[in-house]
Amino acid sequence: MTKPLLHFCHGNSFPSGTYRQLLDGLRAHYEVHTTDMVGHHPDFPVGDGWSGLVDELIAQVEAHGRPAILVGHSLGGMLSTMAAERRPELARCVVMLDSPVVAGWRALAWRLLKLLGKGSRFSPARFSERRRNVWPSRAAVYDHFMAKDIFAAWAPGVLNDYLDVGLKPHPDGVQLRFEREVETAIYNSLPHHMGEVIRHDFPVPVGFIGARDSEELRQAGLASTRKLVGEYFVMTEGSHLFPLEQPKRAAQLTHQMIERLLGSQLENQATMAQGQG
């Protein structure tokens, strides 16, 4: 039986394996593929506006040989939307998980800050560029992150999933796989042209699921996001990292959103698949 194809892209600094519980919830309904870590392939370097990262995602989706449902958290949701706008034949729909569209005066202000070389002062880059990334052992990493409120709020087991996919050997113990230089470059090159991307009718359906306590949503505003997604807008409990705090709920909401976006297309595919089975 052929399930609908779904391609997931992660948030900045978190390899997709961190979202195992969310993805397991989606695997009940979809054939799930993921982008492991954007920004680390030499053929797709990080650049202003993330064009190379969009190229990387497009190359991965194109390799599937059939259109995919694109789902992404934060950075991944933005890349999915940009990829769908550039290559709509590859995307059946897009679901953005707390990936607000930065446009209008906020985008203009961000562009000016980048031109002045002051972007890192007003983005998470001011933290990532000096973040600790080497520890003597996995246990030390676990203790380090569990002492922080944002990680303590994650669902049981999610931090271990992050450590399973997010660490690599280092002469002094272990190191984060997601290079902090790449994470910082991604923050500093946040697109300022999303207003152009959403100015015209978007070529595929797009849905948005946001968190009520998301600081990122507060900073970005929601007017441009609402303009893009229209009625396909849902809010849930949690912070910007709600897919890691409530992975089962996030999977349920994502599936429900896909059903709304694709409607009879999804029902017809399921019926055909059952007939073939």
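Tutor: Let's start with Tyr-30, which sits in the loop between α1 (20-27) and β2 (31-34). Keep in mind that this is a predicted model.

Student: What does Tyr-30 touch, leaving out residues up to four places away in sequence?

Tutor: Tyr-30 touches Lys-3, Pro-4, Leu-6, Ile-69, His-255, Ile-258 and Leu-266. Thr-2 is 28 residues from Tyr-30 in sequence, with 8.7 Å between their C-alpha atoms.

Student: And how is the chain made up as a whole?

Tutor: The chain has 15 helices and nine strands. Of its 277 residues, 49% count as buried. Among contacts with a separation of 6 or more, 75% are between residues 24 or more positions apart.

Student: How do you know whether α1 and α14 are oblique or parallel?

Tutor: The axes of α1 and α14 (residues 247-262) cross at roughly 40° and come within 8 Å. Angles under 35 degrees would count as roughly parallel, and roughly perpendicular begins at 65; α1 and α14 are therefore oblique to each other. Their crossing is right-handed.

Student: Which residues meet where α1 and α14 pack?

Tutor: From α1 come Gln-21, Leu-22, Gly-25 and Leu-26; from α14 come Pro-247, Ala-250, Ala-251, Thr-254 and His-255.

Student: What makes β2 and β9 edge strands?

Tutor: Look at the open sheet of six strands, ordered β2-β1-β3-β4-β8-β9 with parallel pairing. β2 and β9 (233-236) each pair on one side only, and these are its edge strands. From one strand to the next, the twist averages 20°. Helix α14 packs on this sheet, touching β1 (5-9), β3, β4, β8 (206-211) and β9, and its direction makes about 140° with that of β4.

Student: How do you know that β3 and β4 pair?

Tutor: Pairing takes at least two bridges, and six bridges join β3 (residues 68-73) to β4 (residues 91-97), which run parallel. In one of them, Ala-68 has Ala-91 in β4 as its partner.

Student: What about the sheet of three strands: why do β5 and β6 stand at the edges?

Tutor: That open sheet has the order β5-β7-β6 and antiparallel pairing. β5 (134-135) and β6 (167-170) have a single partner strand each, so one side of each is left without a neighbour in the sheet. β6 pairs with β7 (residues 173-176) over four bridges in the antiparallel sense, and Lys-168 has Gln-175 in β7 as its bridge partner. Helix α8 (residues 158-166) lies across β6 and β7, at about 50° to β6.

Student: How are α6 and α8 arranged?

Tutor: Helix α6 (residues 138-146) packs against α8 at about 135°, with the axes 11 Å apart. Roughly antiparallel needs an angle over 145, so α6 is oblique to α8. The crossing is right-handed. Among the α6 residues that meet α8 are Tyr-142 and Phe-145, and Tyr-162 and Leu-163 are among those in α8.

Student: Last one: how many disulfides are there?

Tutor: The cut-off is a pair of cysteine sulfur atoms within 2.5 Å, and by this rule the count is zero. As for burial, Cys-9 counts as buried at 0% relative accessibility, and Cys-93 is buried with a relative accessible area of 0%.

Note on methods
Residues numbered from 1 in each chain as written. Predicted model: local features only at pLDDT ≥ 70, side-chain atom pairs only at ≥ 80, totals over all residues. Heavy atoms only, no water. Buried < 20%, exposed > 50% of the residue type's maximum accessible area, 1.4 Å probe, protein only. Helix = DSSP H or I, 4+ residues; strand = E, 2+ residues; numbered from the N terminus. Contact = heavy atoms within 4.5 Å. Axes fitted to C-alpha atoms, helices over the stretch in contact; angles between N-to-C directions. Parallel < 35°, antiparallel > 145°, perpendicular 65-115°, else oblique. Left-handed = near helix turned anticlockwise from the far one by under 90°.
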